[in-house]
Amino acid sequence: MGITVEELRNYIKVMQGMYDVVRLVEPASCHVVKADPSEGALEGEKCYTTWGKCERCTNCTSYQATIRNRVQEKNEVRDGVECHVISLPVPTEKNGIRNNSYCIELVSYGKKASGSRDNEILAVTGNNEDALYVSIVGNKRVSDEIISLSLLDSEIGLICFDEAGNCIYSNKQAFKMFHIPNELSKMQEFIKDWLIDQYIRNTSGVWSQYYSYEGSEYLYEVHQMVATTEHGNGILGSCIAVMNITDEALNTGGVKFRETHDALTGIYNQEGFYKSVRAAITDNPDEEYYIMCSNIRKFKLINQLFGMEKGDEVLKSIARNLEQWCVKGEIYGRTHSDEFVLFMKKKNFVQDEFVEAVRNVASLLDSSIYRLEFQIGVYQIANVREHIYEMLDKARMAMESIPDGKELTIAFYDDEMLSNTLRENEIINSFHAALDEGQFHIFLQPQVDKNGKLSGGEALARWIHPERGIIPPGMFIGVLENANLIYKMDRYVWELAARQLSLWKGTDKEKYRISVNISPKDLQFLDIEVVFSELADKYQIDPGKLNLEITETAVASNIGNCIEHMDHLRKKGFLVEIDDFGSGYSSLNLLKDFVVDVLKIDMKFLPTSKDHRRAEIILEHIINMAQSLDMVVIAEGVETKEQLQMLCKMGCNLFQGYYFSKPVDIETFEGYDGKIEQ
């Protein structure tokens, strides 16, 4: 497939839209290729990357690009202004002999630089419109032909797109690298699938990405460049340069690329991040550093709602944004799943800019049913000799201290977090022994009528340690939930409740019911239908005396499966209660599909409302509706005489709360004869 000079000019216009200066240079002589004086460009102009020196610099990007035949980049300063220089090698061929003598230099002006770097002056002049059209023999046509052949036969794959994302040019190497017939339509179709087009099309960046073909796997380095209008408010087109770095990645330093880089995103994996951070700290141990860890709340929902491919696209896009946002010296990676990590100098951290960058990433997924919510933990490295994984653990502690429900939250580590973590670990480590030794007991909170007459109680777990006494539920319930151990404790509590009902058989306490709680984790780890059926058989109890209390949130977590299990248990004689009714967003819709026996309403419903009277009206209608559906209503959290009187007027006849009694041990419960003074 050939390319005309006119097509090349279109490509060059795209390049000029991207950069402040675009020109052809000869690094061996440190000069721009001689220009035709009639074109108005200067003869003998210095290369961008020589910093005004006369001799060739061995670290010159254009020189390195020609000898390595791959794109090189660096930052320079000209007249106090930061410049980003990209050197694109353009091998040419004359009389069948290949010549790697030329480079296209693409220069972007940035913000004003500060500090001692102002003395690094770049000798740069020339008109951008004509800069690329310079001739080795003073002949513009020959110059065009040289560049045309160079781009066409370059060992770097070059692919260009117009403002609509249509592929308008591809050189031979790009077709060869991707094993595609010489058709632009085929190239466009492939690139759309291979790259995350909808996310990266309008941004520039560099990353590594795997390409598989017939059982072989290649690692390609991709440079994405975008051309914008003069005022930056529109897209003119874009270009990608693709280089095969498979051999280099496998052989450099004897360490395989895959061992240190994430296969999906191409950025560092855990091992690569650890090694790079340790090297950076070793080089500058006196610097102050931050290490950060991020988590996307309920990321698994993306896969469930939009599919695995969309989830992968989001992760890749986050990696691309990290590459563009981070500056030289900052290290980033993806350690696992949706966890991204970042290492940077403390002095470079500006929280407002960081928050804005994260919000931009959060906008990658534009959906009315799901939003990316980032939780970020930050640890200021106090001891550079710490293991990197210990540093990250502290950043994770900060991250995990963030409550759910906030779109973007940054938390900084402090020593109290470590103390809390140690306490949590102690609870987790001693939990199984506590179960085996019978340290867990049930306390019952009485459920009574308006006169205090007892009808039953709700079973609540209490951990009575032989040395520490009663451990408050707030210290272990959340810990066990996070550690996925709560289902074991719940299973134990259910057994204690069934055993107690068995002990009451044949006594005056046989009329009492006991309600037990079922959590979302119980539904995940246990077959509750089997468990409760076996308990009823084992202790020979009336299933109607063991009420199954499930929260609205637990039902919503797996509504179809939960309703089916509960329906089967109701048919076996168990009574089902809905706890915390009204706490979710689809309460009424739930009642339409979910047949239950008891509705529990928490009195926290009232004081949280700004309009107390409106809340009372809603509460009264809920009670009337439940009774019309043949459900018993229990008001829990009753703490005052005024609340009791109001609920009685509304028709509620069963109550639970501190106005009557706190949760008490079995012996106290059995002796309950009305209101217990607190």
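Trainee: A polar contact is a pair of N or O atoms within 3.5 Å; within protein, one must be able to donate a hydrogen and the other to accept it, and residues adjacent in sequence count only if both atoms are side-chain atoms. Which side chain has a polar contact of 3.1 Å with Asp-338?

Mentor: That's Ser-337, whose side chain is joined to that of Asp-338. Keep in mind that this is a predicted model: local features need pLDDT of at least 70, side-chain atom pairs count only at pLDDT 80 or more, and totals for chains, interfaces and linings use all residues. Residues are numbered from 1 along each chain as its sequence is written, and side-chain values use heavy atoms, leaving out hydrogens and water.

Trainee: Where is Asp-338 found?

Mentor: Look in the loop between β14 and β15. Strands (E, at least two residues) and helices (H or I, at least four) are DSSP runs numbered from the N terminus.

Trainee: And how many residues sit between the strands of that hairpin?

Mentor: There are 2, and Ser-337 takes a positive phi near 45 degrees. The strands β14 and β15 (residues 339-345) pair in the antiparallel sense over 5 bridges; pairing needs at least two bridges found by DSSP. His-336 has Glu-339 in β15 as its bridge partner.

Trainee: What does Asp-338 touch, then, not counting residues up to four places away in sequence?

Mentor: Ser-294, Asn-295, Ile-296, Phe-299 and Leu-315, where contact means heavy atoms within 4.5 Å. A polar atom of the Asp-338 side chain also lies 2.9 Å from the backbone nitrogen of Ile-296.

Trainee: Zooming out, what is the order of strands in the open sheet?

Mentor: β14-β15-β13-β16-β17, with mixed pairing. The edge strands, each pairing on one side only, are β14 (331-336) and β17 (408-412).

Trainee: Why is β14 largely enclosed by the rest of the structure?

Mentor: Because 5 of its 6 residues are buried. Helix α10 (residues 270-283) packs on the sheet too, touching β13 (289-296), β14 and β15.

Trainee: New topic! How many salt bridges does a search of the whole structure find?

Mentor: The search gives 19. One of them joins Lys-600 and Glu-458 at 3.1 Å, N to O. Lys-600 is in strand β24 (residues 598-602) and Glu-458 in strand β19 (residues 454-465), so this pair ties together parts 142 residues apart in sequence.

Trainee: At 0% relative accessibility, does Lys-600 count as buried or exposed?

Mentor: Lys-600 counts as buried, and Glu-458, at 5%, is buried as well. Salt bridges that share partners link Glu-458, Glu-549, Lys-600 and Glu-636 into one network.

Trainee: Which residue forms a salt bridge with Glu-386?

Mentor: Lys-394, with the closest N and O atoms 2.6 Å apart. Both Glu-386 and Lys-394 are buried.

Trainee: And how many helices and strands does the protein chain have?

Mentor: It has 25 helices and 26 strands, and 50% of its 678 residues are buried.

How values were computed
Axes are lines fitted to C-alpha atoms, for helices over the stretch in contact, and angles run from 0 to 180 degrees between N-to-C directions. Buried means under 20% relative accessible area, exposed over 50%, partly exposed in between (1.4 Å probe, protein chains only). A salt bridge is a side-chain nitrogen of Lys or Arg within 4 Å of a carboxyl oxygen of Asp or Glu.
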